[in-house]
Amino acid sequence: MADYSFGGTDEENAELKKLSAEVNEEPDSFEHWEKLVRAAESLEGGLNRNSSPQSIAATRDIYDRFLAKFPLLFGYWKKYADLEFSIAGTEAAELVYERGVASITNSVDLWTNYCAFKVETSHDADIIRELFERGAGCVGLDFLAHPFWDKYLEFEERLEAQDKIFAILDRMVHIPMHQYARYFERYRHLAQIRPLPEILPSDMLAQFRSEIESEGPATIQAGSQQIKAQRGELEIEREMRTRIDNLGLEIFARTQTETTKRWTYESEIKRPYFHVTDLDESQLVNWRKYLDFEEVEGDYTRTSFLYERCLVTCAYYDEFWLRYARWMLAQSNKNEEVRNIYQRASMLYVPISRPAVRLQYAYFEETVDRIEVAKDIHRAILEVLPGHIETIVSLANMSRRHGGLDAAIEVYKSQIDSQLCDIYTKAALVAEWARLLWKIKGSVDEARQVFRNNQHWYLDSRPFWINYLSFELEQPTSAETEQTQYKRIKQVHEDIRRKSHLPPLTMKDLSHYYMVYLQERGGKEAAKEYMTLDREVNGPFSVQSGMKSKLADDGREATTQRRMMMENGHPGVEVDEAAIRRGENPYTKYYQQQGEQQLPSDTQPQPLRYQ
């Protein structure tokens with residue numbers, strides 16, 4: 001990068017190098033990217049056809065990288081297209097617009113700008129109309145799509161294509177949108193003057209004519225007499241237009257009702273566009289309720305369109321990607337759509353540091369028998385997040401489902417042997433390995449052997465000891481075998497108390513499980529053991545003989561008692577004289593040893609509660 005020139009003056013080049021280095025250091029920082037883009041745009045006083053090739057190439061590269069990182073920023077696609085138009089002309093700008101609408105297909109603003117650009121730079125009405133139709137298919141249902149529809153109508157007005165204008169309005173009056181009433185008034189006016197075949201399909205016109213003719217001659221009041229006159233063609237047409245107007249009013253009423261239903265949710269959307277900043281909780285709640293509403297309404301097109309709108313605003317929220325995929329999966333024959341949702345989420349928006357979406361994607365691929373693809377997704381996560389326990393367990397379970405128990409155990413063994421996994425991950429994986437042997441193979445002895453053979457490696461692993469103790473507690477027993485199992489459980493508990501390096505609070509929690517066991521399943525001597533353990537676990541430090549023995553180098557309580565008496569004058573809390581001279585609280589170390597947070601001086605102590 002040191003030898004690379006961005007073009008422009010020496011000062012501009014140096015500034016761009018500095019900003020580019022900041023982006024490389026923090027690639028997720030939108031602020032750094034924004035500064036870099038602004039600096040690139042201002043090279044040589046603003047780029048044009050006469051700018052240096054270096055400056056043009058550098059700016060294009062910066063825009064390309066920026067929009068690959070943040071593809072939902074419609075305003076920057078517009079700025080990039082304008083830049084290309086000033087540098088290379090119409091075709092280059094169109095290519096940028098095409099990339100933009102492919103990246104954010106439901107942006108009303110971007111489609112409106114693209115179509116307006118096409119109107120100004122092309123003389124082929126059919127090509128322009130084709131582009132408008134593409135846009136209508138992408139953004140026409142948006143509640144705030146009126147700028148796009150206005151541009152479409154304006155184009156047809158320039159061509160004086162009244163039949164096309166009426167056809168557009170005929171589509172619009174059925175769409176719940178912000179300015180529906182304005183479009184209906186125009187539609188209603190044109191419906192009175194346009195030829196009947198333009199207004200309704202031929203079968204409906206024939207039905208209306210048949211109904212009118214079947215009513216018989218019209219009755220006309222002439223003085224005191226009523227005269228029956230045959231209906232002429234003008235009378236029939238007038239009656240048909242009246243019926244068409246009534247039909248239009250029914251459409252208006254339905255559209256008004258549908259618009260009113262959605263107005264509540266639409267009015268609460270404060271940020272309908274993408275941004276990197278977090279949304280307020282109220283905004284997220286509104287999107288959830290709005291999606292609930294459309295799902296209940298049951299229109300697939302409108303529901304999927306709302307999901308796409310939501311995922312522009314909420315692109316960084318896993319819950320909406322997962323919800324969209326689950327909803328789509330419930331529709332018939334939508335596997336490709338589901339795959340597309342997962343791929344967009346995984347490749348563009350949800351960081352791999354939050355692998356839940358990718359794991360769901362893997363499960364989906366497994367359901368359609370793409371097993372290797374599902375495994376590759378797991379492996380891809382582990383390349384970036386080595387030692388991620390949930391992913392490893394998921395991969396092992398998938399391997400078991402399709403390759404048997406040995407395949408799952410091989411996954412665990414390979415990860416346990418890997419240098420990329422830390423000791424805490426390995427401890428959890430050993431527990432999962434033992435669980436497989438116990439739950440799947442049904443071999444309690446083999447599972448117990450795995451725990452026993454590995455416990456000396458994981459003396460400070462909370463998951464390992466919790467699983468080990470739970471494993472022994474959950475073994476079924478009878479009156480004949482209860483005593484044998486009691487010895488095993490007691491041994492695990494004693495190893496936790498005497499050999500493990502767990503924090504005191506964790507040991508206390510695990511001891512509570514053992515104490516419940518003594519109460520529920522213990523024998524005649526269980527009460528004595530319970531009370532002794534209660535004193536050790538819940539009593540003050542001065543009576544915790546087990547803890548004092550553990551703190552002593554020779555494992556004797558008296559040693560700790562004697563040392564504390566010599567240093568502190570009492571056998572309670574160990575005091576560091578140097579710490580006191582530094583102004584530190586003498587009880588801080590004690591609280592830390594207990595795994596507890598020291599209360600502020602102005603806070604009243606509260607009793608501990610165990611869940």
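User: In this predicted model, which helix holds Asp245, and which residues does Asp245 touch, leaving out residues up to four places away in sequence?

Analyst: Asp245 lies in helix α13, residues 233-266. Residues up to four places away in sequence are not counted. With those set aside, Asp245 touches Arg188 and Gln192.

User: Is Asp245 buried or exposed?

Analyst: The relative accessible area of Asp245 is 16%. The cut-off for buried is under 20%. Asp245 is therefore buried.

User: Where is Met177 found, and what is its relative accessible area?

Analyst: Met177 is found in the loop between α9 and α10 (180-191). Met177 is buried. Its relative accessible area is 0%.

User: Which residues does Met177 touch, not counting residues up to four places away in sequence, and what separates the C-alpha atoms of Met177 and Thr259?

Analyst: Met177 touches Gly140, Asp142, Phe143, Trp149, Met172, Tyr183 and Thr259, with residues up to four places away in sequence left out. Met177 and Thr259 are 82 residues apart along the chain. Their C-alpha atoms are separated by 6.1 Å.

User: Which residues line the largest cavity, and which helix gives the most to that lining?

Analyst: The count comes to two cavities of 30 Å³ or more, and the largest has a volume of about 40 Å³. Its lining is made of Leu141, Phe143, Glu266, Tyr290, Glu294, Arg302, Phe305, Leu306 and Arg309. The elements that give two or more residues are α14 (281-297) and α15 (300-313). The most, four residues, comes from α15.

User: Is Ile87 buried or exposed, and how far apart in space are Ile87 and Ser51, C-alpha to C-alpha?

Analyst: Ile87 lies in helix α4, residues 74-88. Its relative accessible area is 10%, so Ile87 is buried. Not counting residues up to four places away in sequence, Ile87 touches Leu47, Asn48, Arg49, Ile56 and Arg60. Ile87 and Ser51 are 36 residues apart in sequence, and C-alpha to C-alpha they are apart in space by 8.1 Å.

User: What should helix α17 span at 1.5 Å a residue, and how far apart are its end C-alpha atoms?

Analyst: Helix α17 has 15 residues, 335-349. At 1.5 Å a residue, these should span 21 Å. The end C-alpha atoms agree with that, being apart by 21 Å.

User: Which residues of α17 are buried, and which elements do they pack against?

Analyst: The buried residues of α17 are Val338, Arg339, Ile341, Tyr342, Ala345, Ser346 and Tyr349. These residues pack against α5 (90-103), α16 (318-329) and α18 (356-367).

User: Which residues of α27 are buried, and which are exposed on the other side?

Analyst: The buried residues of α27 are Ala526, Glu529, Leu533, Glu536 and Val537. They cover an arc of only 95° around the axis, which puts them on the same side of α27. An α-helix has 3.6 residues a turn, so residues three or four places apart point the same way. On the other side of α27, the exposed residues are Ala527, Lys528 and Met531.

User: What is phi of Glu160, and is Glu160 buried or exposed?

Analyst: Most residues other than glycine have a negative phi. Phi of Glu160 is positive, near 55°. Glu160 lies in the loop between α8 (146-158) and α9 (162-172). At 67% relative accessibility, Glu160 counts as exposed.

User: Where is Asp369 found, and what is its phi?

Analyst: Asp369 is found in the loop between α18 and α19 (371-384). Asp369 is exposed, with a relative accessible area of 65%. Its phi is a positive value in a residue other than glycine, near 65°.

User: How many helices and strands does the protein chain have, and what share of its residues is buried?

Analyst: The secondary structure comes to 31 helices and two strands. The chain has 611 residues. The buried share is 43%.

User: What is the mean pLDDT of the protein chain, and over which residues is the pLDDT below 50?

Analyst: The mean pLDDT is 86, and 84% of the residues reach 70 or more. Where pLDDT is low, the predicted coordinates should not be read in detail. The pLDDT is below 50 over residues 567-575 and over residues 596-611.

Technical notes: Residues numbered from 1 in each chain as written. Predicted model: local features only at pLDDT ≥ 70, side-chain atom pairs only at ≥ 80, totals over all residues. Heavy atoms only, no water. Buried < 20%, exposed > 50% of the residue type's maximum accessible area, 1.4 Å probe, protein only. Arc of directions from axis to C-beta. pLDDT = per-residue confidence, 0-100. Contact = heavy atoms within 4.5 Å. 1 Å grid on protein atoms, 1.4 Å probe; cavity = no way out; pocket = protein on both sides within 12 Å on 5 of 7 lines; lining within 4 Å. Points joined across faces, edges and corners; volume = space filled by probe spheres on them. Expected span 1.5 Å × (residues − 1).
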